[in-house]
Amino acid sequence: MLSIYNDLTRTKEPFEPLQPGKVNMYVCGMTVYDLCHLGHARVMVVFDVVYRYLRSIGFDVTYVRNITDIDDKIIARANERGEPFSELTNRFIAAMHEDADALGVLPPDQEPRATGHLPAIIRMIGRLIERGHAYVADNGDVYYDVRSFPEYGKLSGKSIDDLEAGARVEPGEVKRDPLDFALWKAAKPDEPAWDSPWGQGRPGWHIECSAMSTEALGDTFDIHGGGADLTFPHHENEIAQSEGATGHPFVRYWMHNGFVRINDEKMSKSLGNFFTVREILERYRPKEVRYFILTSQYRSPLNYDEEHLENARAALTRFYTALRGLPDAEPKGAEEFEQAFHAAMQDDFNTPEALAAMFELVREINRVRQAAPDVAAGLAAALRRMGDALGILQQEPEAYLRAAADDDGMSDSEIDALIKKRQQAKQDKDWAEADRIRDELQGAGIVLEDGPGGTTWRRG
RNA sequence: GGCCGAGUGGCAGAGUGGCUAUGCAGCGGAUUGCAAAUCCGUGGACCUCGGUUCGACUCCGGGCUCGGCCUCCA
């Protein structure tokens with residue numbers, strides 16, 4: 001039985017979707033005014049694993065991940081660059097898709113953009129006004145009236161009064177309460193704007209997620225995810241909006257992934273201490289980055305450190321080395337390891353423990369591969385199937401082991417020629433020459449392995 | 001200040017009221033022309049102070065330290 005830590009109740013709960021066999025999930029994606037950084041990568045990978053795993057155990061999953069393609073920062077950045085905002089956002093959407101692909105993140109079933117769903121957004125705002133949860137301010141903005149929603153704060157564990165104590169009141173404030181937040185922002189000169197019953201303007205940040213998730217998945221759906229920094233105010237506001245508008249419970253299980261940290265400090269754009277996915281991919285292979293993300297449980301912090309990426313590299317080499325040279329087969333004989341793997345995954349997607357089960361399977365494969373290759377092949381197939389659920393170990397082992405992060409070294413044919421030459425030296429028992437060639441290759445980052453079936457190599 | 005979360009062996013990172021996590025690194029052995037890979041074995045830990053208990057790293061309470069949210073942020 002799968003259990004999921006639900007931030008709404010702060011406990012692990014057995015996972016029971018609204019409709020048996022069917023899971024609807026929504027994840028807050030990115031605001032596209034810049035390149036993805038590691039924090040975005042973590043969200044994408046974490047929920048990609050949730051998606052893959054739910055599917056692997058037989059659920060029919062509809063996965064929606066939105067794109068915020070209109071907001072203050074986008075407008076500001078587009079103005080800085082003197083280009084239409086949609087050119088800016090299209091460029092960064094394309095870049096995000098490339099990064100996601102590289103990391104092995106499956107495309108979600110739907111990827112709605114705020115600008116493509118203005119009618120649904122406007123409809124929901126209208127509904128909130130009708131139901132007494134929102135009001136039009138003097139300047140044409142529309143605000144959510146937090147005092148009208150008694151459960152405000154239930155996700156983040158805050159009370160309106162506590163929040164109010166520390167709230168700042170801006171000069172010229174048009175809100176009734178400092179905590180009220182914008183559903184619709186009246187257009188200022190030279191800003192992108194859409195028509196609405198309240199005049200020209202654009203949606204506030206929070207309303208798009210309520211409108212698009214409800215439109216795609218219904219008033220109530222199963223899983224809503226995102227980074228932990230979205231708990232408050234973003235997700236709190238989504239609950240107020242959706243439940244205020246529909247009168248139905250919004251989300252059954254709230255999941256938030258922990259932060260990526262660097263030097264034990266949150267990695268974020270406002271602190272300016274972030275690495276983009278692209279910068280990291282200049283030095284490490286995409287699957288190493290993905291593996292690194294999976295080495296900690298999704299709710300724990302993930303500290304960025306070169307040593308950890310090196311560790312990921314070593315771990316993947318161990319996996320692929322175990323898979324190498326074994327024929328395709330039906331998964332067989334690994335029941336005990338599969339059981340451990342599933343127990344880990346079903347305990348709130350405990351990927352580090354799931355990986356531990358996979359490593360134990362690796363050892364078993366290596367133990368039996370010599371004496372019983374067919375048994376090893378069945379075990380290897382089981383290992384690959386576990387890898388599928390995590391989105392790793394998808395490549396041909398030999399291809400993986402021979403590929404380099406940056407292949408500016410020797411070509412495969414040069415390597416083969418040198419190995420052949422060394423083979424001759426070995427036959428002649430010219431160990432000095434054989435070792436010299438091996439050292440030469442070593443210097444170029446090539447590791448040789450002499451086995452009973454001849455010499456194999458990999459880029460180390 | 002309010003609210004959350006965390007403190008595990010050299011590093012990373014799970015977990016459990018009494019039983020080897022796992023990976024990398026170390027040490028010993030097997031294997032190898034020597035290596036590499038692999039296998040076998042092995043040392044090393046649970047922030048601190050109390051409490052509960054036959055027994056706590058694991059439960060409860062205090063303390064200390066660190067991180068996060070309370071403003072845009074994945």
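**Reading the model**

Modeller: Alanine 343 is placed in helix H11 (residues 335–346). Helices (H or I, at least four residues) and strands (E, at least two) are DSSP runs, numbered from the N terminus. Before we go on: this is a predicted model, where local features need pLDDT of at least 70, side-chain atom pairs count only at pLDDT 80 or more, and totals for chains, interfaces and linings use all residues. Residues are numbered from 1 along each chain as its sequence is written, chains are lettered from A and ligands numbered from 1 in the order in which they are written, and side-chain values use heavy atoms, with hydrogens and water left out.

Colleague: Is alanine 343 buried or exposed?

Modeller: You go by relative accessible area: under 20% is buried, over 50% exposed, and in between partly exposed (1.4 Å probe, protein chains only). Alanine 343 comes out at 51%, so it counts as exposed. Across chain A, buried residues make up 53% of the 460 residues. The chain has 16 helices and 15 strands, and its C-alpha trace spans about 95 × 50 × 35 Å along the principal axes.

Colleague: Which residues of helix H2 are buried?

Modeller: In H2 (residues 72–81) they are Ile74, Ile75, Arg77 and Ala78. Looking down the helix axis, you find them within an arc of 165°, so they line one face; the arc is that of the directions from the axis to the C-beta atoms. The face turned away from that buried side carries Asn79 and Glu80, both exposed.

Colleague: And aromatic pairs? How many does a search of the whole structure find?

Modeller: The rule first: rings of Phe, Tyr and Trp (its six-membered ring) pair if their centres lie within 6.5 Å, and planes under 30 degrees apart count as stacked, over 60 as edge-to-face and the rest as tilted. The search turns up 16 such pairs. One of them joins phenylalanine 15 and phenylalanine 59, edge-to-face, 5.9 Å centre to centre with 80° between the planes. Phenylalanine 15 is in the loop between strand E2 (11–14) and strand E3 (22–27), and phenylalanine 59 is in the loop between helix H1 (38–56) and strand E4 (60–65), so the pair ties together parts 44 residues apart in sequence. Both of these phenylalanines are buried.

Another is phenylalanine 292 with tyrosine 304, again edge-to-face, at 6.5 Å between centres and 85° between planes.

Colleague: What sits over the ring of tyrosine 51?

Modeller: The charged end of arginine 55, 4.5 Å from the ring centre. To count, NZ of Lys or CZ of Arg must be within 6 Å of the ring centre and within 35 degrees of the ring normal. Lysine 158 does likewise over phenylalanine 232, at 5.6 Å.

Colleague: Now the RNA. How many residues surround RNA strand B?

Modeller: A residue is near a strand if one of its heavy atoms lies within 4 Å of it. Here 56 residues surround RNA strand B, the closest being Lys73, Trp205, Gly227, Met267 and Arg438. Of the atoms of RNA strand B that come within 4 Å of the protein, sugar and phosphate account for 68%. Helix H12 (residues 351–368) gives the most to this surface, eight residues.

Colleague: Where do individual side chains touch RNA strand B?

Modeller: Lysine 73 has a polar side-chain atom 2.3 Å from a sugar or linking oxygen of RNA strand B. Arginine 367 puts one 2.5 Å from a phosphate oxygen, and arginine 318 has one 3.2 Å from a phosphate oxygen.

Conventions: A polar contact is a pair of N or O atoms within 3.5 Å; within protein, one must be able to donate a hydrogen and the other to accept it, and residues adjacent in sequence count only if both atoms are side-chain atoms.
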